[in-house]
Amino acid sequence: MQELLSRELYYRVPGPEEPAPFSEAPEPRASLKTAKKDPGGQREKARQTEKVASDAKAVKSGSKKVDKNKKGGLKTPNSSSEGEGQYKSEREECPPMGLETLKIDDFQLHASTMRRYGLGAHRGRLNIQAGLYEDEFYDGGWCAGRMDPLQWFEVDARRLTKFTGVITQGRSSLWSSDWVTSYKVLVSNDSHTWVTIKNGTEDMIFIGNKEKEIPVLNELPVPVVARYIRVNPRSWFNSGSICMRVEILGCPMPDPNNYYHRRNEITTTDNLDFKHHSYKEMRQLMKIVNEMCPNITRIYNIGKSHNGLKLYAIEISDNPGEHELGEPEFRYTAGSHGNEVLGRELLLLLMQFMCQEYLSGNPRIRHLVEETRIHLLPSVNPDGYEKAFEVGSELGGWSLGRWSQDGLDIHHNFPDLNSILWEAEAKNRAPKNVQNHYVPIPEWYQMKNATVAMETRALIAWMEKIPFVLGGNLQGGELVVTFPFDMTRPQGKTREQTPTPDDHVFRWLAFSYASTHRLMTDASRRVCHTEDFAKEDGTINGASWHTAPGSMNDFSYLHTNCFELSMYVGCDKFPHESELPEEWENNRESLLVFMEQVHRGIKGMVRDTQGRGIANAIISVEGINHDIRTASDGDYWRLLNPGEYKVTAKADGYTPTSKVCEVGYEMGATRCDFVITRTNLSRIKEIMEKFGKQPINLPARQLQHRPRQRRLGT
């Protein structure tokens, strides 16, 4: 295969591990894995030197073979000296440049023409989603303004970049079918003189898409170094038009003087395993964390997936395996949508981080571990994840692996308790028939033939077993925190603000995560798809975004004590693993701050006069139409914002007791204990039943049918 670019116009710029062109004795390049994980060369020097040296020995001895890469393709040589037998090098795999993750600015995207502003070059990003009505500003791709083979979509890398491939999709649309079926690729250093990628002596035509959603990857026959790259559509779907979404694969060349690189560079000092983990690797990593910190961790499973994979969780606590009196329970879950994998990796990173920091004596982490029982469930839908993992981070599209194996959306597969409560309130049957909390699950939902995923049943059993106080489920594809209710109260409304009685608390909890995230509240950041959540401080009521009955958040609030929120932690559902260190930095502080909110509000014990804890006692706060209940030992936690509250504790057979509890601004829940006494009626019942006497409130008709006992001597 001939050289792609004319040497009069372009000269290959050697990378940090590459030989200069036409060198007499070229040194072997670093391995593919090193290039993929660390395209910028940010490895420890000693480790890199060792790797290069080992590759050199293998190459010179002839033992190094061309094997298969992660995506299943062959690692093919691309050195001009290979034919001379001096050494074999591997095709370098470069990560996405960041059209999908927004690392590429709108100003770096250009096009020959556009149909309208909402279909401009800035919308030509891989996996970008259109609005429901495809309005003027937020449509689902770049569409050319004319239908001819002179149209092009251009990316300015702002620095010399080694381009290795192009990924394309059609336009995201509910109403249109538009995609490009073939295209050429051109490169330039000055945006004026362009050279077309060739296949031999002729311009190379790359095969594009066959439908609009599945991404198609085309690798360049030989990596090429340039600043600009263009995609020139040559043919398109005959019933559609020239529309596409694009991602470019490329490795930035070393340039310490590059302003843009220095400005956007994010590094981490945490020594963690930044990679995507298969199911087996996830299990092994959790085991390693458990072995590193056996005194504060415990691995358990809450059930199995449809395909029989165990749903593993790890507990982090100073007394793992037991509920400590007065200690709140917290949970993070991730991966209910199997293709939204960033949350899964964040939880795996979080468990590593907490173990390491606990061992190093970090006082903040030690306090969290000693005062909280933390549960991390990184993969709710492992079946879906395995599907997405198999094709890789850029080729799964928007939905591959989202659903469970039996086609259900686990996050929205819970019983609709909202309708049950709201109907009872509308008919004035609440709270007599339906209470404002612990709303029971309908019988039909519990039937074996109900359309309920195995994973959902496992989650419900877990949520009922452990007295969780606060929880967060990590999602992907956006940058926002949503809070209940997720379902609109008026029927037929697709979106409308529907607050809970604890709306002020939920808003604070959501803001605590969003405000400490590096990007969520940044008003200058670009929107992921169609919604500008930054103007709402990075938070939104779920129902005002889009209605969703049967959500995990609403179910948790109405059926248990736990306040649950959803964190959408990144625009890219499945970011390349080279992006994981930056995503960890974006979310690390937020993950910790949100956990600490479990200690906000009031807590205490509800006991009888003998000092025994009373289970299932109801804790009511005046002015808030939502109660919680005590755990099996009589302890409780009630999330509240700062202020004074009149709180009442009551239980069947006991006289209600009220007191004023004050919640301060400092972190730490206010202690608010209750001692409640038995009612006279309940004590009389207890005494009479103890001695086999008839309870005094037995219905009169039953007393009439009792046989009379004849007195002695009559």
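Contact here means heavy atoms within 4.5 Å. The model is predicted.

Q: Which phenylalanines does Leu565 touch, leaving out residues up to four places away in sequence?
A: Leu565 is among the residues with the most contacts inside the largest nonpolar core. Beyond four places in sequence, its contacts include Leu470, Val481 and Ala510.

Q: Is Glu455 buried or exposed?
A: Glu455 is found in helix 9 (residues 454-465). Buried means under 20% relative accessible area. Glu455 has 0% relative accessibility, so this residue counts as buried.

Q: How far from the side chain of Glu455 does the backbone nitrogen of His306 lie?
A: Glu455 and Ser305 are 150 residues apart in sequence, yet their C-alpha atoms are 5.4 Å apart in space. Glu455 touches Ser305 and also His306. From a polar atom of the Glu455 side chain to the backbone nitrogen of His306, the distance is 3.2 Å.

Q: What is the relative accessible area of Leu174?
A: Leu174 is found in the loop between strand 3 (153-169) and strand 4 (180-188). With Leu132, Tyr133 and Trp175, Leu174 makes a nonpolar surface patch of about 580 Å². Exposed means over 50% relative accessible area. Leu174 is exposed, with a value of 60%.

Notes. Residues numbered from 1 in each chain as written. Predicted model: local features only at pLDDT ≥ 70, side-chain atom pairs only at ≥ 80, totals over all residues. Heavy atoms only, no water. Core = buried A, V, L, I, M, F, W, Y, C linked by side-chain atoms within 4.5 Å. Buried < 20%, exposed > 50% of the residue type's maximum accessible area, 1.4 Å probe, protein only. Helix = DSSP H or I, 4+ residues; strand = E, 2+ residues; numbered from the N terminus. Polar contact = N/O pair within 3.5 Å; in protein donor to acceptor, adjacent residues only side chain to side chain. Patch = residues over 30% accessible without salt bridge, like charges linked within 9 Å, V, L, I, M, F, W, Y side chains within 5 Å. Areas by Shrake-Rupley, 256 points an atom, 1.4 Å probe, with all protein chains shown as cover. Salt bridge = Lys/Arg side-chain N within 4 Å of Asp/Glu carboxyl O.
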